[in-house]
Amino acid sequence: MRLERREHRPLALVLVTPLVAVAVALAIAGVLIAIAGAPVIAAYGELLKGAFGSRLATTETLTRAIPLILTGMAAAVAFRAQVWNIGGEGQFYLGAIAAAAMGSEVLGDLPGFVQIPVLMLTGATAGAVLLLIPLWLRLRFFVDEVVTTLLLNFVAILFVSMLIDTVLKDPLGFGWPQSEAIADQAMLPDLVSRSRLHVGLIIAMVLALLVWFVQRRTVFGMQSRAAGLSPSGARFAGIPLGRTLIFVAMISGGFAGLAGAIEVMGVQGYVTTELSPGFGYSGIVVAMLANLNPIGVVFAAIFIATMFVGADGMSRAMSIPAYIADVTVSLSLLSMLVALFFTQYRIRK
Amino acid sequence: MSDDVLEIAGVSKRFGDILANDDISLSLARGEIVALLGENGAGKTTLMNVLFGHYVPDSGTVAVMGRPLPPGRPREAISAGIGMVHQHFSLAANLSVLENVMTGSERLFLPMSNTSAARKKLMALSERFGLKVDPEARLGDLSVGEQQRVEILKALYNDAKILVLDEPTAVLTNLEAEKLFSILKDMARLGLSLIFISHKLDEVMATADRIVVLRGGRSVAERRASATSKAELAELMVGRAVSRPMRDHVERGDVVLEAIAISVRIDGVDRLKSIDFTLHAGEVLGIIGVSGNGQTTLAHMISGIVQPKDGDLLLYGKSVGDMSVADVVAAGIGRIPEDRTHEGAIGEMAIWENAILERLGDYSKHGLVDRKSAIVFADRIIKEFDVRGGVPTTRFRLLSGGNMQKLILGRNLIEHPKILLAAQPARGLDEGAVAAVHERILEARRNGTAVLLISEDLDEIMALSDRIQAIVGGRLSPPVNADHADARMLGLMMAGEWAQAMPGREVGHAP
Amino acid sequence: MSALMDILASAGLWGAVLRIATPLIFGTLGALLCERSGVLNLGIEGIMTFGAMIGWLAVYNGADLWTGLLVAAVCGGLFGLLHAALTVTLGLSQHVSGLGVTLFASSFSYYVFRLLVPVAGTPPTVEAFEPIALPGLSDLPFVGPAFFTQTPPTYLAILIALVLGYVLFRTPLGLAIRMTGENPHAAEAQGINPMRVRYGAIIAGSALMGVAGAFLTLSAFNSFFPTMVQGRGWICIALVVFSSWRPSRALLGALLFAFFDGFQVRLQTVLDIVPYQVFLMMPYLLSIAALAVMARRARVPQALMQPYRRGER
């Protein structure tokens, strides 16, 4: 028995792969649900009801998908150029706190049409800067950025915790460590009335389309793909490797930072250390499920959001720990890896 | 046939649609040296992998000392006394010589390695066969020739009675190679049996007792060395009279590229040391040398990938400072890199993308890639340079080696460059593809292109070059006229014996 | 200044150093063993979490402490088996597989924990390991209480560091592991099966990671709570680089690291104008600094992160 590389990957196979992966993950998670003593089918029914069973549930799921689209894109853009940005979580928090600080401390009462773009830009910049540090360490000292981005997540969150405990602490927060809220006019408008769903969804989807276009059609897209596929080949072709990677890192970190900023501006208005239930890490799963395709990221993010929001409902109804969502999401990453392998190779006797 | 130490009988091995070995039989007597002669892809390596237990043959058997070997079991092959000296050494740079030699020689779960006994045994072998090594040296600090010694000692350490050497001289200078062959002959006299794999006729004739010729996966002939000739072997190997194109007379033009005392330093190591050369339009300047003497750096320097530390590079008579890849491409310098798959192209990208990657500026508008004209360009290359097995949207890695090289050649030659850098342009190609590549290079020369040819292959250099310089330890010898050069002279030049190679001329000496 | 001296002179600091170092020693050795065979194991963070949970759970349900450690080791080994299947047999990206294992192992730990231990105000506790005073040595002034009054797993960690160093550099098995990490083709040519060596190294290394986690719940603390591993796994990965893939230096690196960590905790009480988060950042920043200093100098196993397929060069 040996493995043989497939010469062509039919489109149908590429589209079916994530579905199979998700199905396998759900099946394994089903076993865990059964072990917990709940009827599996009914439990998944509750999950779907929790995610889409009402207008409120549906808007909650889509709201949850917004940061996931952006952190998913952060991972997808970076991975495509072989920049292993695992620091989405830290970049998310840094983007959030930068936007919150800019809103509450600097811009104050300026009108919304000034605040909203400035805050988003501020968040993106903060995320980008945080990723440039590990990239610099890689280019200068040959340090693997996987470990440094992972470690910087902890540093960033502690940094945020320090700020909201001291200089940015909300005096009206009853002593809780949270940042001062940004002005109402800096908040993103709602997309659907009487819900938390905000225009961030449109922004994220437009950005996904834009990335798709840049990757497919532009010189920069081709250069960053080449840099990722073969650094030596790209160097020989005269592609400025360092510069390309720096751009990629800025875009990647920028998306993660923007995710944080938009979460502040769209949902909460201020920052706590509980702002993200692991959006940065889930972004990696989103990117892998999407096979690094920006359009796929939107769908993968909605799937993951479904799992998280739905699992809350299921957990309430069935007394199954809500962590089942995290388990399913991580399982879908693992099964996607295996499924991807079989789209690239086939087994020959 | 009872004194045969090795008997390979009727071995066949198929990979997919390719029959790599077709009913091959081979025997080896004690104290005998047999050469396995054949081109790339003739099935030599497959056969040796079967012998060594890396592959399970579809049919056929291997017997050592009359005892059949179980197929697919490298360990059994080792303990039966077969030792392999790989072309790409199977060694670990970070481990010591002794560790490299000892690996796998003891039972895995012994509570302690017996290093002192191992060291003693290694030193005894080293003494007996005249292969000097320092057992404690870190392997990565040794020269290529020394590493080969370690590889041979490793086989002997495992009590090999049969030694298989895969292209052993590919990485050696002529002098080192001669020394190696005298050691091999001594070994045979001491009772070892040897198989060596080669496509070089000279060394096969000089060293082997018997020669087995493989072609297209089949054993096509067997000759005693005393009863054959180079010409016959060449024809047997290729299957037809060999005809590589030869250069004809071309009037050379002006100097287009000149290097004056150029030095290049990479990571604190001087890779090129004050080199000089001039390159004229309509000529091929051949740079001959053993691998690892600075060829890669020279090619990278001219390609715009690394910049000189000292010296002056004159392009069309004008001094140019540091040139980036984009500058080099814009100046009309075509570049054939030595590593097709890692530098010349990106396997996972389409043919059309690879065709334009180094001139993205010409095939884009406002930052958008002009896909349509890029595909037209790729199509033109495919037609004019006879690239088979793909359309512009095919991924590059699906092409065969020869067609990959044709595409790279085409991408560079289609716009008639003034200068062509060709680094190891025919490496690893089969004879038909070699001839095609050579023909293209000579055609460019006829059209007035100045060609800088960097190669480790003596025949290639002598067939194509007008003038030849040797590269040794990062230095370039003075040029010699190819019409006055012969293999012996070039051998001396590659070994750094410039004064001896060019008597009567005031030349330096490589360090 | 005198406050600093007081900290340095307290036996409490030095006793804490070994305690803080223990999980790092186990984890670093585990990661080191995997990497010596050529496989990066980023599953470490999740495997430590699972080890912490399952070790605690076993003891909570009546097993004795050593059985708890053993259960953690076995479970760690099983996650190692998963990582090996993905990276060795299928040859998938070691980065992504490792992260997948971490996400899975940690979320699975939380799930099992929540399923079996209902939410309570304070997490339930177990009787953790008691420090053992080594007879004779612990009576030495200062040094005794500082170094020779530790819980048994700490002594075990040091012992394993020495044993692993011995195995890697003095036995045929160790040479086989190192050769596989440097050049699996050469190992194969010498009759060693690189796949098997890698499986073995990853499973054994992951078992050590499981023990590293269990130390947290069975010795350092006495209960389990989510996120308790706090990036210790990633720090171990950095320490492997810092140690140049040598167990003795891994031991040293973990101790050095623990010294700074113990020192900063005590410094917090003295320098109370500085926010405590600054001190908590130190371990991570220190790890990054160590990487930057060592990454270029270290002799990385040459085949690290390269999948091995027979016959493919």
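User: Two residues are in contact here if their C-beta atoms, placed from the backbone, lie within 7 Å. How many residues of domain 2 of chain B are in contact with domain 1 of chain B?

Analyst: This is a predicted model, in which local features need pLDDT of at least 70 and side-chain atom pairs count only at pLDDT 80 or more, while totals for chains, interfaces and linings use all residues. Residues are numbered from 1 along each chain as its sequence is written, with chains lettered from A and ligands numbered from 1 in the order in which they are written. The domain assignment of chain B, with bounds from an automatic or database source, gives domain 1 (4-238) and domain 2 (255-344 + 400-501). On the domain 1 side 10 residues take part, and the number on the domain 2 side is 9.

User: How far apart do the C-alpha centres of these two domains of chain B lie?

Analyst: The side of domain 1 of chain B that touches domain 2 of chain B has 5 nonpolar, 4 polar and 1 charged residues. Nonpolar covers Ala, Val, Leu, Ile, Met, Phe, Trp, Tyr, Cys and Pro; charged covers Asp, Glu, Lys and Arg; the others, Gly among them, are polar. The separation of the C-alpha centres is 33 Å.

User: Which element gives the most to the side of chain B that touches chain A?

Analyst: On this side 23 residues of chain B are in contact with 15 residues of chain A, and those of chain B divide into 13 nonpolar, 6 polar and 4 charged. Helices (H or I, at least four residues) and strands (E, at least two) are DSSP runs, numbered from the N terminus. At least two residues each come from α10 (325-330), α11 (340-344) and β18 (368-369) of chain B. With 3 residues, the element that gives the most is α10(B).

User: Is A:Val147 buried or exposed?

Analyst: Leaving aside neighbours within four places in sequence, A:Val147 is in contact with C:Trp234, C:Ile237, C:Ala238 and C:Leu291. A residue is buried if 20 or more other C-beta atoms, placed from the backbone, lie within 10 Å of its own, exposed if 12 or fewer, and partly exposed in between. Because A:Val147 has 26 other C-beta atoms within 10 Å, this residue is buried.
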